[in-house]
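This report describes how two protein chains are built and how they meet. Please look over the sequence and the structure below before reading on.

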Amino acid sequence: MPLFGVEATFWALLGPFVAAALSPFLAKTLKHNAAWLLAVIPALAFLQFLSFVPGIAEGQTFKASLEWVPTFNVNFSIYLDGLSVLFALLISGIGTLITLYAGGYLKGHENLGQFLSYLFLFMGAMLGVVVADNVITLFIYWELTSITSFLLIGFDHLRRASRRSAVQALVVTGGGGLALMAGLILAGYQGGSFELSELLNSGDVLRESPYYTAIFILVVLGAFTKSAQFPFHFWLPNAMEAPTPVSAYLHSATMVKAGVYLLMRMHPVLGDTELWMTVLPIFGGITLLVGTILGIRQTDLKLVLAYTTVASLGLLVMLTGTSDPVAIQGAVIYLFAHSLFKGSLFMVVGTVDHESGTRDLNRVGGLFSLMPITGTAAVLSALSMAGLPPLVGFVAKEVLYDGTWHAVNGGLWTGFAVLGNAMMFALAATVAIKPFFGAKVKTPKVAHEGTVLLVAGSITLAVLGLAAGAFIASVGHQLLSPMTSAILGTPFDEELHLFPTYLSPALYLSLATVALGIIIFMYMDKLRVIVADALRTIGWGPDKGFDQVLEVIIRFATTLTQTVQTGSMVTYMRATFTVIALVLFVPMILTGNWPKLQGIGSFYAYEWFIAAIAVIGVYAVLTARYRVTAIVLLGIQGFAVALIYLLFGAPDLAFTQFMVETLSVVILALVMTRLNLKPTDARSSRGKAFDISLSVLCGAGISMLLMSIIQLPFDPTLSEFFTQYSRTIAHGRNIVNVILVDFRGFDTIGEISVVMVTGLAVLALIRVRPKSNGNSNSEKNR
Amino acid sequence: METLFSVLVGILFAGSIYLLLSRKLVRILLGIAILGNAVNLLIFTAGRLTRDVPPIIPLQSYLPVEATANPLPQALVLTAIVISFSFLAFFLVLGYRAYQELGTDDLLDMRVAEPKEHSEPPLGY
């Protein structure tokens, strides 16, 4: 594949997986400095995606495809437009910084290599999600992000909370992924293509399809679980059990945004309907408010950020749900701004935690003079989060207010947005002011500025947020408007300004937000107590619900298993033979195809005699009182069968049967007389009656089956083939032997192997014994 | 002619199934031994019966001179006899060792894999 151009994107997609393979080795030799080297790979991917920006700003799109499973229309295909390129840039760009940060954060950790490996696997999966064109490819990458995030969240797997969060994230997002798969396949069949790039043109077909509602629900379920929308929001804050680099990466620009990406990607196909414009904004709006309210309750800085992430995702879903061009432009700018400031803030909190030993906002304060660079990053990012000029977050808020104000049901959505943003403002202020300003608080460790690896990421992202605000016109033209166009499905390019050019309603709404935000910040401590009390009164949440659901499932599974698998061998055997009896009789009863009763035919007296001996032999075994008798009597029916073979032209069979039958009796007698077994059959009379009826029924069924087979016309093709060619091409006169060793030689090899393996297994059973040979009680009860 | 043997096969099956449904190891072993014969006879009968003439080509000829017994089921049954004997031998030793280890020949008392007391399901993480 070429190293430049569209096809080179495949290398960019492969890169993180290569890095994942290299990480453990590099981390072993270079320790934390391996991060410097490994960060080159996502940086190169970033440059590759950057090369598409000029073309995309002119409205071009790029496609490339490799055949994967052509019979099922599954291609490994990629599609690059404004939406996927901006996402890919964020993933690879922030990924580069996170790699460095992880090196600094886990410096000296014994499993650093493993951690970086997981991180790169996740990065590769995430890049795949946003550039995939084929829906099956998209789904596979989508589930891969669920699995790799499971590994990342559960990285610290010795702690129970960590394990629980990992399982929770996997169950919620993986389960949603299954719904998504169904939705995508349904959409593919309805739209007539499994390539998103072609599906995007068949929006009208899908919207009018009778399956629209089903597709909508399935896809939205996938998006809502991934993007932690209410009521699935609980897994995201719990995922904070992961080391901070994970939170900074998964919860700023990647994992949780995958759901938003999906909604935006599907907007031209599924959007702009009443269902879309009702469900999405309502759930998004609720998530926004729930996220911020729960955020106020927290004192752990990382959890504060986690809940504001939930809120921001709600805001994005709400804006995407309005289907209003300006609101969607607002969503795009906000998504971009959020990736920068939230990534930066997570890294800031991680650095504070790393250097001061705590991230509880009541135990930190006045750190700015000790950690000036981290503090600057915090202030800049918080300003962006609060939506204040001159940062890109301010532009985002202006545009999104403008959008909601003019959207359908705009009043309600604007209300949600203002309230949510005001609380977000207060929380941003808390995160920036509490740790860095005010009186100095004694922290568990003596705080000082972090290493280059630790501070590089947060300050870079913070400064980028400032720069994006300053150059918003060109950023908007190059990156943001193409993305909006891709989401809308129609070209959109409105010039963005850092400062509003006229007194719009958005500006007043902004002022109102700031005023409300300041008030909330002032009463933050009181509000925290109120929210905490309210939550304690409710006492139940989806998080608890998750445990309850899981417990119900596990208990149900246990009960079911214990009911079906009683552990009684007799029950299993009875069930098996009951099913066999049913299988034999039900078709005959249903179709009425009973075998015709024919005359027995003419038999010589000795033939009757031999058949009678066989029956007597079986009866004798059944009624034998002592096991030795039974074993010896077993020979009777065996020899009778051998005689039958002999009489009906099968001397080979007869001789083998004589040998085997003799051997069986001898061996059985040898082994069984060594055992001290009770000779009686311990069945109750009712049990006996049931077993007799069952076995007679099965025997009769098999008899009738065999009669039906015999009454069908005989097809001698195969036998004639063997007879004809036995001497002519295989040069053997005994046809049976020729079949065994020549025509069906492989069967015989298989047979010999079975005998050999059995012999080995018998040998092993006899030779290999537990060390203490069943003498002690504990050994016996094992 | 085959009808008689169909009935015989059914009787062999019924007897072996009755033994298999038992709780005692020895009886189950006997059941398996009979089951093997029953299945082999079933295959043999399903291939139709011909008296006396084995499927062997005379020295001078390249084809059998008269109608012979069907060679195909014989080949299958020959394989099956050996396999069922191996199975019986293996099961025999397995039962013998199980008796030695567990001290019982009653299947209802062999509960190592599925113990009688149900344990609590794993509810934690």
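## The interface between chain B and chain A

In this predicted model, chain B and chain A together bury about 9,800 Å², and carbon and sulfur atoms account for 71% of that area. On the side of chain B, the residues that lose the most area to chain A are B:Tyr18, B:Leu21 and B:Tyr125, which together make up 10% of what that side buries. Counted by residues, the contact brings 92 residues of chain B against 118 residues of chain A.

## Polar and charged links

Between chain B and chain A the count is one salt bridge; B:Arg51 forms a salt bridge with A:Glu607, and the closest N and O atoms of this pair lie 2.5 Å apart.

The elements of chain B that give two or more residues to the side touching chain A are α1 (2-20), α2 (25-46) and α3 (71-102). Of these, α3(B) supplies the largest share, with 23 residues. Sorted by class, the side of chain B that touches chain A holds 60 nonpolar, 19 polar and 13 charged residues.

## Chain B

Chain B has three helices and zero strands, and its pattern along the sequence reads α-α-α. Its radius of gyration is 22 Å, well over the 14 Å that the globule rule gives for 125 residues, so chain B is more spread out than a compact globule.

Along the principal axes, the C-alpha trace of chain B spans about 75 × 35 × 30 Å. Of its 125 residues, 59% count as buried, and among the contacts in chain B between residues at least 6 apart in sequence, 56% join residues at least 24 apart.

## Chain A

The secondary structure of chain A consists of 34 helices and two strands. Chain A has a radius of gyration of 37 Å, whereas a compact globule of 782 residues would have one near 28 Å, and its C-alpha atoms fill a box of roughly 115 × 65 × 55 Å along the principal axes.

Within chain A, buried residues make up 55% of the 782 residues. Where contacts in chain A link residues at least 6 apart in sequence, 77% of them join residues at least 24 apart.

Technical notes:
Residues are numbered from 1 along each chain as its sequence is written. Chains are lettered from A and ligands numbered from 1 in the order in which they are written. This is a predicted model: local features need pLDDT of at least 70, side-chain atom pairs count only at pLDDT 80 or more; totals for chains, interfaces and linings use all residues. Side-chain values use heavy atoms; hydrogens and water are left out. Contact means heavy atoms within 4.5 Å. Buried area is the accessible area (1.4 Å probe) that two parts lose on being put together, summed over both. A salt bridge is a side-chain nitrogen of Lys or Arg within 4 Å of a carboxyl oxygen of Asp or Glu. Helices (H or I, at least four residues) and strands (E, at least two) are DSSP runs, numbered from the N terminus. Ala, Val, Leu, Ile, Met, Phe, Trp, Tyr, Cys and Pro count as nonpolar, Asp, Glu, Lys and Arg as charged, and the others, Gly among them, as polar. The radius of gyration is taken over C-alpha atoms; the globule rule is 2.2 Å times the number of residues to the power 0.38. Buried means under 20% relative accessible area, exposed over 50%, partly exposed in between (1.4 Å probe, protein chains only).
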